[in-house]
Amino acid sequence: MPQLYRTIVKPVVTEKSSAAYENAKVYTFRVHTKASKPEIRDAIEHLFGVTVTDVRTMQMRAKARKAGGMGRGREGRRPQWKKAIVVLKDGDVIPIFEG
């Protein structure tokens, strides 16, 4: 079971993802960068007790950033990460998104 908790990092809660799960029961998660679609499906089904019908994944690219102020410009990059969009069977919900 510890592998399941490493596969799903955290839910992604934005205006766009909130509208998607309110209207169509589509949930968005930040997942481990090396997780495959079957691993994501198994993790969601075991952790939340729901039936997954579709999993779509995408790699979010690293972004350049310039942090600092008052003349201390430290440039760097935010790391890349992987996003999974999960569609559930009709009638299934994930309670952490309801609220």
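Is P38 buried or exposed? P38 counts as exposed, because its relative accessibility is 52%, where buried means under 20% relative accessible area, exposed over 50%, and partly exposed in between, with a 1.4 Å probe and protein chains only.

Good morning, colleagues. The model before you is predicted, so that local features need pLDDT of at least 70 and side-chain atom pairs count only at pLDDT 80 or more, while totals for chains, interfaces and linings use all residues. Residues are numbered from 1 along each chain as its sequence is written, and side-chain values use heavy atoms, with hydrogens and water left out.

Let me stay with P38 for a moment. P38 belongs to helix 3, residues 37-48; helices are DSSP runs of H or I with at least four residues, strands are runs of E with at least two, and both are numbered from the N terminus. V55 is 17 residues away from P38 along the chain, and their C-alpha atoms are separated by 8.4 Å.

I turn now to the strands. Strand 2 is mostly covered, with 5 of its 6 residues buried. Strand 2 pairs with strand 1 (residues 8-11) in the antiparallel sense over 3 bridges; two strands pair if DSSP finds at least two bridges between them. In this pairing, K10 stands opposite R30 of strand 2. Strand 2 also pairs with strand 6, again in the antiparallel sense, over 6 bridges. Here T28 stands opposite I85 of strand 6.

K25 lies in the loop between helix 2 (15-24) and strand 2 (26-31). K25 is not a glycine, yet has a positive phi of about 55°. With a relative accessible area of 26%, K25 is partly exposed.

Finally, the charges. How many salt bridges does a search of the whole structure find? The search finds 1, a salt bridge being a side-chain nitrogen of Lys or Arg within 4 Å of a carboxyl oxygen of Asp or Glu. The side chains of R56 and D54 meet in a salt bridge at 3.8 Å, N to O. R56 is partly exposed at 41% relative accessible area, and D54 is partly exposed at 32%.

On the surface, R61, K63, R65, R74 and R78 gather in a patch of positive charge. Such patches are made of residues with over 30% relative accessible area and no salt bridge, like charges being joined within 9 Å. One of these residues, R78, sits in the loop between strand 5 (74-77) and strand 6 (81-88).

Notes:
Patch = residues over 30% accessible without salt bridge, like charges linked within 9 Å, V, L, I, M, F, W, Y side chains within 5 Å. Areas by Shrake-Rupley, 256 points an atom, 1.4 Å probe, with all protein chains shown as cover. Lys, Arg positive; Asp, Glu negative; His and termini not counted. Charge placed at Lys NZ, Arg CZ, Asp CG, Glu CD.
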